[in-house]
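Colleague: Could you walk me through reading strands, burial and pockets in a model? I'd like the general idea, then the case at hand.

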Amino acid sequence: MAHGRLTMTAQPQVSAELFDPSGTNVVEQLRSRVTGDLLDVVVDLDSGTGCRMRDLRDGTEYLDMTMYFSSAPLGHGHPGLRTPEFEAELVRAARTKPANPDFATVQQARFVDTLRRVFGDPALPWLFLIEGGGPAVENALKVAFDWKTKYNARRGVAVRGCRAMHLEWAFHGRTGYTMSLTNTDPRKVRDYPKFDWPRVPSPAVDPGSEDWERAELLPSERHALDAAEAAFTRYGDEVACFVYEPVQGEGGDRHLRPAFLREMQRMCREQGVLTIADEVQSGGGLTGYPWAHQALGLEPDLVAFGKRLQVCGVLGGRRVDEIPDNAFREPSRISSTWGGSLVDMVRATRILEVVEEERLLEHASRMGELLLSELRGLAAEFPGLVSAARGRGLMAAVDFPDANTRDRVVDLVRRRHRTIFLPCGPRSLRWRPALSVRPEELTDAVVALRKTLSELD
C-alpha cells in the first residue's frame, strides 16, 4: 500500500484467441495451456470405425493400435455404442454427478450386476469403485494394511501392517502410496517423498522361449524368491501384501511365469500376507480372459482394475474375509465422494453387454494368436531390429535395439503410414488394439510397421 492506495501486481494476459470449433488450432491451444504429451491429431468423435480413427481437421485416417492407452475396448464408432437407447441413458446419467457410495441409482445397480455376470469371480465378492487406476491400487493397499493390522491384533501382535512388497520394473500409479511401488521411468517418481518398502527382482521370461515351459524354477526366479524371503525375515509382521502385475505393462510388457507367481502366492499365505493383482492394464479381456491372473492359475485376494472397464476399483475376497470387519465392511473405512462416474458406469454396462453378446473374449484369444504369428514373422524378417515378439491375447509387444530406434519407428510409422503405436519400457513397442479388432486391421498395422522398418536409414 502506498499513499492510501493498493499497489496492484501485473496480471497475466488472457489470450483473446477465440475457440475454433473446426479444431484447426486445438492441438496448439492445448499444448500452450494443458500439461500433456499431445499427438498432432484432433480426434473426430463422430467418425472412425473399428481401429481406424479420423482427424477432425482434414479427415486423415489413422490405424490406431493404442485405443487411448487401452481404454476404448470396442474401438471407434462401434454400433453398440450408437443406439438411441444407449445415448439417451448416457444423457440421463450426465445431467448430474451423484455421490455413488451414498445415493443409489438404477444405473449403478445395473452396472454392478453386469460386471459381476460378465467378469465377476465368486471368490472375490467385494467391490469398491473409484475414478482412476492409481486410486484403485491405492485403496487395494489400504484394504491390505487394514487387514494385516487387524490380523496381527487377533494374534496378540501389536504391529501395524504397513509395508507393501513389490517387484522391480513395476508401474502401479503416481498417487501417494503407489509412487513407492512404481520404478519404471524415474521422471514419474523422482524427488517425490516415498516409503522404503521391500522391492524384489522381477524375473521376467519371454513366453516364446524354452525357459517359459520349464517345470522347475529358473535361477532368476529362485533369486527373487530368496529376496522375498529375506524381506519377510527383515520386516516380519509389518509386511501386509505383495502387489504384482501379471504382465508388467509400463515396464515393457514383461511376462512373469505362473510357477514363480504361484510360489510367491504360497509364501504370502504362509506369512499371513495378502496378494494384490494389479490388473488396471491387463484386466478387462485384453488377454482373452476377464483377468490375466486367471490365465496364470493365480488366486489373488484383491484385484485392482480400470481402463477397459471404464470405471476403476477393487475386487476383494478370499483371505480378506478372514477378518469380519475388513475395510470393505467397516463403514467409511475406504470411500470417495463419487465412487466412480455414473456416466462411465452406463458406458461400461453397454461395453460389457457387447463383450458378452459378441463373444469378444474368445475373439481376443483368436486375434492374439494371429497377431503373435505376424510379430514373430516380423522379427524373423528383421532380426537386427525386431526381437522378443511376445503376447498374451491382444496384450502384445516387440523389442528394438534401443530406445532411440524404437522412438524413431513410432514417429515414422505415424507420419508416413498413418498408424499409431505406443512405446513402453526401455525399448519396447506395445500393441493394445480393440477387443473387436478385425484380422485385416492387425495385418495392415504389421504391414505399416514392416514398411517403416524397410525405410530406416
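Modeller: Strands (E, at least two residues) and helices (H or I, at least four) are DSSP runs, numbered from the N terminus, and two strands pair if DSSP finds at least two bridges between them. Here, Leu63 stands opposite Thr419 in E14. Before we go on: this is a predicted model, local features need pLDDT of at least 70, side-chain atom pairs count only at pLDDT 80 or more, and totals for chains, interfaces and linings use all residues. Residues are numbered from 1 along each chain as its sequence is written, and side-chain values use heavy atoms, with hydrogens and water left out.

Colleague: In what order do the three strands of the open sheet come?

Modeller: First the general idea. Strands of a sheet pair through backbone hydrogen bonds, either parallel or antiparallel. In this case the order is E1-E2-E14, with mixed pairing. Strand E1 (52-54) and strand E14 (419-420) are the edge strands, each pairing on one side only. E1 and strand E2 (residues 61-64) are antiparallel, with three bridges, while E2 and E14 run parallel, joined by two bridges. For a pair to look at, take Arg52, whose bridge partner in E2 is Leu63.

Colleague: Which residue in the turn between E1 and E2 has a positive phi?

Modeller: That's Gly59, with a phi of about 80°; E1 and E2 form a hairpin with six residues between them. Thr60 is also in the loop between E1 and E2.

Colleague: Is Thr60 buried or exposed?

Modeller: The cut-offs are these: buried means under 20% relative accessible area, exposed over 50%, and partly exposed in between, with a 1.4 Å probe and protein chains only. Thr60 has 18% relative accessibility, so it counts as buried.

Colleague: Where does Arg390 lie, and what does its side chain contact?

Modeller: A polar contact is a pair of N or O atoms within 3.5 Å; within protein, one must be able to donate a hydrogen and the other to accept it, and residues adjacent in sequence count only if both atoms are side-chain atoms. Arg390 lies in strand E12 (residues 387-392). Its relative accessible area is 7%, so Arg390 is buried. The side chain of Arg390 makes a polar contact with the side chain of Ser428, at 3.0 Å.

Colleague: Which way do the residues of E10 point?

Modeller: In a regular strand the side chains alternate between the two faces of the sheet. In strand E10 (residues 302-305), Leu302 and Ala304 point one way, Val303 and Phe305 the other, and all are buried. Strand E9 (residues 274-278) runs parallel to E10, with three bridges; the partner of Ala277 in E10 is Val303. E10 and strand E11 (residues 312-316) are antiparallel, over four bridges, and Leu302 stands opposite Gly316 in E11. E10 and E11 make a hairpin with six residues between them, and Lys307 in the turn has a positive phi of about 45°.

Colleague: How many residues line the second largest pocket?

Modeller: On a 1 Å grid over the protein atoms alone, a pocket is an open set of points with protein on both sides within 12 Å along at least five of seven lines, a cavity is a set where a 1.4 Å probe fits but cannot get out, and lining residues have an atom within 4 Å of a point. The second largest pocket is lined by 22 residues, with Leu45, Gly75, Gly77, Leu81 and Arg347 nearest its centre. Helix H3 (84-94) and helix H9 (342-357) are the elements that give two or more residues to that lining, and H3 gives the most, with three.

Colleague: And which element gives the most to the lining of the largest cavity?

Modeller: H9, with four residues. Among the residues lining the largest cavity are Phe119, Arg308, Ile351 and Leu435.
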